[in-house]
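Reader: Could you take me on a close walk through one part of this model, and tell me what surrounds it? I'd like to see how the pieces connect, with the cut-offs given as you go.

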Amino acid sequence: MPSIILMSDPEVARVPVRDCGEPLVDLRELPFVVVDPRQADPAGAFAHLREGVAWRLARAARLLPDGLRLLVTEGYRPLSLQIEYFEAYAAELRLANPDWPEEYLREQTSRSLSPPEIGPHVAGAAVDLTLCTATGEELDMGTAVDASPEESDDACYTDAPHISEAARGNRRILSAALTTAGLVNYPTEWWHWSYGDRYWALMTGAPGALYGPAEFGGP
């Protein structure tokens, strides 16, 4: 696989943020997008994204082959939850690899979770999603959404070579629609796509991120 810039790379942190002030909007109102409740929170924050990201998601949904839908598992994530997730995964890796220096531990943690201060989900700029049929049946993507490199033997990487042809084809369908709509993928996670965050800006050559950390005000 080609070299991957991780979320922990200093290049990502150096990208300036000029928040455009767009609101968070509810993805459950979009056509051809199914919001799965597996990571739901009581306030429904998980089902929200910045308006510009949601608009592009709706466009991607319309680009899918007939009978397919985007199945969203998580959009916006509060900073406190991002910190909790990042620290828990770092602790898990530290326990399994006590000889790792802290800097390397942070780098390896960022394969699956962004450092909280970077957090595309915290900005309402990132979405975790997969494909499903019109009846809600999930397609084979090679791993479950949110599978870690350890549990999936790196099959979570978007370009992983050791997945089935069916899964590879489904990833291509997902990628084609989302890329055409202007989102970028985090290559260690086939399900993670974003627009307007620091990682997107670095990958596309934009002068800065459009979205910084967001606050969810509830329904």
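Author: Let's start with β6 and β7, which form a hairpin with two residues between them. The names come from DSSP runs, numbered from the N terminus: helices are H or I runs of at least four residues, and strands are E runs of at least two. Before going further, please keep in mind that this is a predicted model: local features need pLDDT of at least 70, side-chain atom pairs count only at pLDDT 80 or more, and totals for chains, interfaces and linings use all residues. Residues are numbered from 1 along each chain as its sequence is written, and side-chain values use heavy atoms, with hydrogens and water left out.

Two strands are said to pair if DSSP finds at least two bridges between them. Asn 185 is the residue opposite Trp 193 of β7. As for β7 itself, six of its six residues are buried, which leaves the strand mostly covered. Here buried means under 20% relative accessible area, exposed means over 50%, and partly exposed is in between, using a 1.4 Å probe and protein chains only.

Now follow β7 (residues 189-194) across to β5: the two run antiparallel and are joined by three bridges. Trp 193 comes up again here, as the bridge partner of Val 127, while Ser 194 is the partner of Ala 126. Strand β5 spans residues 126-133, and eight of its eight residues are buried. Both of its faces are covered: Ala 126, Asp 128, Thr 130 and Cys 132 lie on one side, with Val 127, Leu 129, Leu 131 and Thr 133 on the other. β5 also pairs with β4 (residues 68-74), again in antiparallel fashion, through six bridges. There, Val 72 stands opposite Leu 129.

Neither belongs to a disulfide, as a search of the whole structure finds zero of them; the test is a pair of cysteine sulfur atoms within 2.5 Å.

Next comes the loop between α4 (102-109) and β5, where you will find His 121. With a relative accessible area of 4%, His 121 is buried. Its side chain makes a polar contact with the side chain of His 192, at 3.4 Å. A polar contact is a pair of N or O atoms within 3.5 Å; within protein, one must be able to donate a hydrogen and the other to accept it, and residues adjacent in sequence count only if both atoms are side-chain atoms. Setting aside neighbours within four places in sequence, His 121 is in contact (heavy atoms within 4.5 Å) with residues including Glu 74, Tyr 76, Gln 82, Ala 126, Val 127, Asp 128 and His 192.

Ser 114 sits in the loop between α4 and β5 as well, and its 8% relative accessibility makes it buried. The side chain of Ser 114 reaches the backbone nitrogen of Gly 119 at 3.1 Å. Beyond four places in sequence, the residues in contact with Ser 114 are Met 7, Gln 82, Phe 86, Gly 119 and Pro 120.

Of its 23 lining residues, Tyr 85, Ser 112, Leu 113, Asp 146 and Glu 189 are the closest to the centre. The elements that give two or more residues to this lining are α3 (79-96) and β7, and α3 gives the most, with five. For the cut-offs: on a 1 Å grid over the protein atoms alone, a pocket is an open set of points where a 1.4 Å probe fits, with protein on both sides within 12 Å along at least five of seven lines, and lining residues have an atom within 4 Å of a point.
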